[in-house]
Amino acid sequence: MREHDVVVVGAGLAGMRAAIAAHEAGVDVALVTKLHPVRSHSGAAQGGINAALGNETEDNTDNHTFDTVKGADYIGDQDAIEILCERAPLEVYQLEHWGAVFSRQEDSGKIAQRPFGGAGFPRTCYAADLTGLVILHTLYTVVVKYNIPTYEEWFVTDLVTDDDGNAVGVVAYDMIHGKIETIGAKAVVMATGGAGRVYRPSTNAHASTGDAMSLALRKGVPLKDMEFMQFHPTTLAANGVLVTEGARGEGGYLLNKDGERFMSEYAPNKLELASRDVVSRAEATEIQEGRGIDGCVLLDLRHLGRDRIMERLPQIRELAIAFAGTDPIEEPIPIRPGAHYHMGGVHVDNWGAAPHMPGLFAAGECSCVSVHGANRLGGNSLLEAVVFGARAGEASAAYAQEAPTPHVPGNAADETQARIEELLLRENGPRQGEIRDELAAVMQEKVGVFREDATLREAKAKVDELKARFQGVTVDDKGKTFNTDLIHTIETGYLLDLADCMVTGAIARHESRGAHSRTDFPDRDDENWMMHTLAYLDDGEIRLDYSPVTMTKYEPQVRSY
Amino acid sequence: MASTTFRVFRFQPDSGDLESYHQDFSLDHEEKTTVLDALLRIQNEQDGTLAVRYSCRSAICGSCACKVNGKTVLACMTQVEEAKAESGSSTLQVDPIGNFAPIKDLVVDMTSFWEKFKAVKPYLIPDGPAPQKERLVPKAAMEKVAKESACILCAACYSECNSLAADPEFVGPAAFAWGYRFAADERDAQRKNRAKLYSGQHGIWDCTRCMFCNERCPKGVDPRDAIEKLGAIAFQEKVTKDKGARHAKAFLISMRTGGKLNEQLVGGLTDPVGGAFNAPLALRMLQKGKLPASPLTHRVKNRDQVTKLIKNVKETI
């Protein structure tokens, strides 16, 4: 058995930042990732990272905190949001010190900042439209420099607990060599990213299957606020590829089929730079009411001019040409809302520690601290990943330094091995691809931008049916080496768990708040619903519970943009 | 709807058969379909044993590089119909990237690639403690490394590299693009050490300048240009002891003095000791008329223009 003090699952921004922090705290930390670190989906984030540096205009941490509390539609925990915004400048400076190639101001040489949705000031630091890639690579260079051991293309199949219910490691499948092994640890940090693949279209990578959430859920850890899935207002019609909010930050307009800038109807003050839930609903309404073009509206960048597009949005141009056959210098891009970011995740405290399981930590999109509440502001996800990644790394290292040598069950890998062998031997059943496709379609259709009781219940029935069918799922590839068929099958099981949490939570929440928009309950209901949803898995069924929202100094207000 | 035959490279070590082969899959698909989407449909609908690396499907994670009709591309950003039109055939052949050993089907062993990446010290090594806030870097200075910062490490360049095909130890275009990204970063304090590190055996001077890396890079990084810029940095830092650097320098002297390539001069300056003993080569060159009888040959008429050109190039770099 392999052993480390801390094992971090997932090597995107949150995972690598956690591993670096744990390493700097002096413990033996290892990364485990089903990809290679530079393939992580954090690299696809385009627009930027928020920090109240005040480089463009006066700005301060309080402004950032207020914008985030308001953007969250008041169910973000305000103490956590204060931590996020206070540490933001430090983390951005740290990334710069490690070598991140941020775009710069012309004269001063300071980090440049652009305006983003839901923010009162130009607060988003960026590297053209490759911000996620640049930061991901920067963190990987630090991992290389520190020589942090990294298990690449190792897929985690189980979270291991001891007799007292403490997290003491993981079981993982070494995809290249076809071996299943236990990696013991005093603390486990989960940082596997989001579950956007529950939906289609989605901006998420094929690999974004919410693994950590399901692993924790199956061991009795609750997931928080799972009904809140963010739809990004601008994704390419062809396949849901992301078009950064930076495109609107730079001055891009949204147009309907009549060439009208329709956002003036929905958010007269902030227009295209209202928060994402507002813009997504506006687009969905235009499309539903017949003012779209083939199920899309248009994003017009032409007035920005060739030079600005080439300097600030080069990747957007490349993707629009490759996937939409449209050069944004010449013509507007057809776009529509697509599943993008999951506000929900593993229930953790402000240090990323799971109160229900000692030794378990989570950070980044797979966790719910909760700083995004019901709706995340653009530029806050990369920030959350580094701030709470660092804190989870620090906290897990401190925990590991105090923890006794863990009693890792010797047969943990054997149980996994037996389960997988049983799955490989099974004949004559449905294949994961068809189950996954049906799941994505029903979630998109019935648990989308707008929701209502009847269709949510239809979605729940479909998820239940798919869960039942999944019991007999079969795998084509019976081999051991790089068996993607097997990996995808296990991932599909994860997606079904998470879809169940999302739908069950959405049926129960009788209000509209942030990304959760019920046509049958159109108003926010602070009296009854100012609380977090906790979803548990009991005997295969989802059970809901609720917990209070932490407020410090911001009273809920009507949210207008 | 369109129909395409995909002739896919197969290597299935678990089957006990260690020979590779090609297998044809027919697929009916929408006109607008990418090679990656087609491969995933084949995997999902026809043969679950097909192994492919992929993740983001939006041309940024770099995992799905493969060869389509012999050219290295990202499968996710290659339209099937466009690739067919280019080749004039309704069959697309899909192979793993070159210069790597296969693990299974299109999945290759990239260990050497990552090791070489790590060998160029791909991290910032500044002098002194960091300031309280950000370091101030002029916009133009940061833009100088923007192109190389867009490298996604997909290994398309490595797949096409002729120097690597001849010398598997050659560090390769992607790692050198990263090397330049740090050597040219004004926040880094290791410019001279990097010039030395990259100039040694299997280093920048071993590039054959075939330009395939530039041509096939899906992100416009132009690794060959980065290697060239590293060469310039080596000269600026006076790291010129390497045989490759001496060769380049000898070219320059020959051009500056005579306005043309003087093989005798270049050979002598590149390798004064070894060159003197290389009589058989000299004889063969003499026979082909490539070697003048006297090293003191006449100057070309337009030497002024050549000098101007050299000056221009120096100023641009």
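Trainee: Where is B:Gln12 placed in chain B?

Mentor: Good place to start! In this predicted model, B:Gln12 sits in the loop between strand S1 (2-10) and strand S2 (21-29) of chain B.

Trainee: Why is B:Gln12 called buried?

Mentor: Set the value against the cut-off. Buried means under 20% relative accessible area. B:Gln12 has a relative accessible area of 12%, so B:Gln12 is buried.

Trainee: Which residues does B:Gln12 touch, leaving out those up to four places away in sequence?

Mentor: They are B:Asp17, B:Tyr21, B:Thr49, B:Lys104 and B:Asp105. To count as a contact, heavy atoms must lie within 4.5 Å.

Trainee: Let's move to chain A. What is the order of the strands in the open sheet of 4 strands?

Mentor: The order is S11-S14-S13-S12, and the pairing is antiparallel.

Trainee: What makes strand S11 (229-236) and strand S12 (253-255) of chain A edge strands?

Mentor: Each has a single partner strand, so one side of each has no neighbour in the sheet. As for the angle, neighbouring strands of this sheet are turned by 45° against each other on average, direction ignored.

Trainee: How do you know that S13 and S14 of chain A pair?

Mentor: Count the bridges. Pairing needs at least two bridges between the strands. Strand S13 (residues 297-300) and strand S14 (residues 333-342) of chain A are joined by 3 bridges and run antiparallel, so by that rule they pair. Look for A:Leu299, which stands opposite A:Ile333 in S14(A).

Trainee: Which helix of chain A lies across S11, S12, S13 and S14?

Mentor: That is helix H8 (residues 276-288) of chain A, which runs at about 60° to S11(A).

Trainee: Now the two chains together. How many residues are in contact between chain B and chain A?

Mentor: On the chain B side there are 65, and they contact 64 residues of chain A. About 5000 Å² is buried between the chains, with carbon and sulfur atoms giving 54% of that area. In chain B, the residues losing the most area to chain A are B:Arg57, B:Glu134 and B:Lys139, together 15% of what that side buries.

Trainee: Which helix gives the most residues to the side of chain B that touches chain A?

Mentor: H1(B) does, with 4 residues.

Definitions and conventions. Residues numbered from 1 in each chain as written. Chains lettered and ligands numbered in written order. Predicted model: local features only at pLDDT ≥ 70, side-chain atom pairs only at ≥ 80, totals over all residues. Heavy atoms only, no water. Helix = DSSP H or I, 4+ residues; strand = E, 2+ residues; numbered from the N terminus. Buried < 20%, exposed > 50% of the residue type's maximum accessible area, 1.4 Å probe, protein only. Axes fitted to C-alpha atoms, helices over the stretch in contact; angles between N-to-C directions. Buried area = accessible area lost by both parts, 1.4 Å probe.
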